Amino acid sequence: ENYGFQSHQGVMDQLTSGGRYQEAINFSAQRYGFPAGTYNSSLPRGIAGTTNMLTGEVSIGSSAFTPSTMLQATGFHEGVHVQQFLRGAAQWGGSRIINAPMLEMEASRQTLLNASRLGLSKEVIKNEIWYYNYNAALGE
């Protein structure tokens, strides 16, 4: 679709205000080079995205759309998890991933290193720093 000469944020606002979440995900993924993932309205509030470490499939929830640059952070963060999946980085202990905090820290670190390129707001950056520190405490 042709979005005209709008800013990235203008296109995102147009798509999300019209409830076109999957299209917003696809648009942002193409612009920033991360796997598109699938919109999943059933993800719990506060869970912006998940990556299934058995299949590499990415789900993006409603929380990824507020604040406005959260989708870029979520898509990029989950894209790091896809790369982790592809290289077999998850260490399984029974039915759970025992190195999950380390995987989350890597995804947060990569997202923060790309914050400027992704155009992340201060609020989203603070959230990503909190998430990194939270997982660092879990991994101790």
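## Overall make-up

How many helices and how many strands are there in the protein? In this predicted model, the protein holds six helices and five strands. Read from the N terminus, these elements follow one another as α-α-β-β-β-α-β-β-α-α-α.

## Size and packing

The C-alpha trace of the protein spans about 50 × 30 × 25 Å along its principal axes. The radius of gyration is 15 Å, which agrees with the value near 14 Å that a compact globule of 140 residues would have.

## Surface and charge

The protein exposes about 7,900 Å², and carbon and sulfur atoms supply 52% of that area. Its side chains include 9 positive and 10 negative ones, and the centres of these two sets lie 5 Å apart.

Three of the strands form an open sheet, in which the order is 1-3-2 and the pairing is mixed. Strand 1 (38-39) and strand 2 (49-51) are the edge strands of this sheet, each of them pairing on one side only. Strand 1 and strand 3, the latter made up of residues 58-60, run parallel and are joined by two bridges. Seen from Thr-38, the bridge partner in strand 3 is Ser-59.

## Two residues in their surroundings

Asn-99 sits in the loop between strand 5 (96-97) and helix 4. Is this residue, Asn-99, buried or exposed? With a relative accessible area of 12%, Asn-99 is buried, because the cut-off for burial is under 20% relative accessible area. Once the neighbours within four places in sequence are left aside, Asn-99 is in contact with Ala-89, Ala-90 and Gln-91. Although Asn-99 and Gly-139 are 40 residues apart along the chain, their C-alpha atoms are separated by 7.8 Å.

Leu-113 belongs to helix 4, which covers residues 100-113. The relative accessibility of Leu-113 is 58%, so this residue counts as exposed, the cut-off for that class being over 50%. From Leu-113 to Gly-93 the separation is 20 residues in sequence, and in space it is 30 Å from C-alpha to C-alpha. Taken together, the two residues give a contrast, with Asn-99 buried in its loop and Leu-113 exposed in helix 4.

Conventions
Residues numbered from 1 in each chain as written. Predicted model: local features only at pLDDT ≥ 70, side-chain atom pairs only at ≥ 80, totals over all residues. Heavy atoms only, no water. Helix = DSSP H or I, 4+ residues; strand = E, 2+ residues; numbered from the N terminus. Rg over C-alpha atoms; globule rule 2.2 N^0.38 Å. Areas by Shrake-Rupley, 256 points an atom, 1.4 Å probe, with all protein chains shown as cover. Lys, Arg positive; Asp, Glu negative; His and termini not counted. Charge placed at Lys NZ, Arg CZ, Asp CG, Glu CD. Pairing = 2+ DSSP bridges. Buried < 20%, exposed > 50% of the residue type's maximum accessible area, 1.4 Å probe, protein only. Contact = heavy atoms within 4.5 Å.
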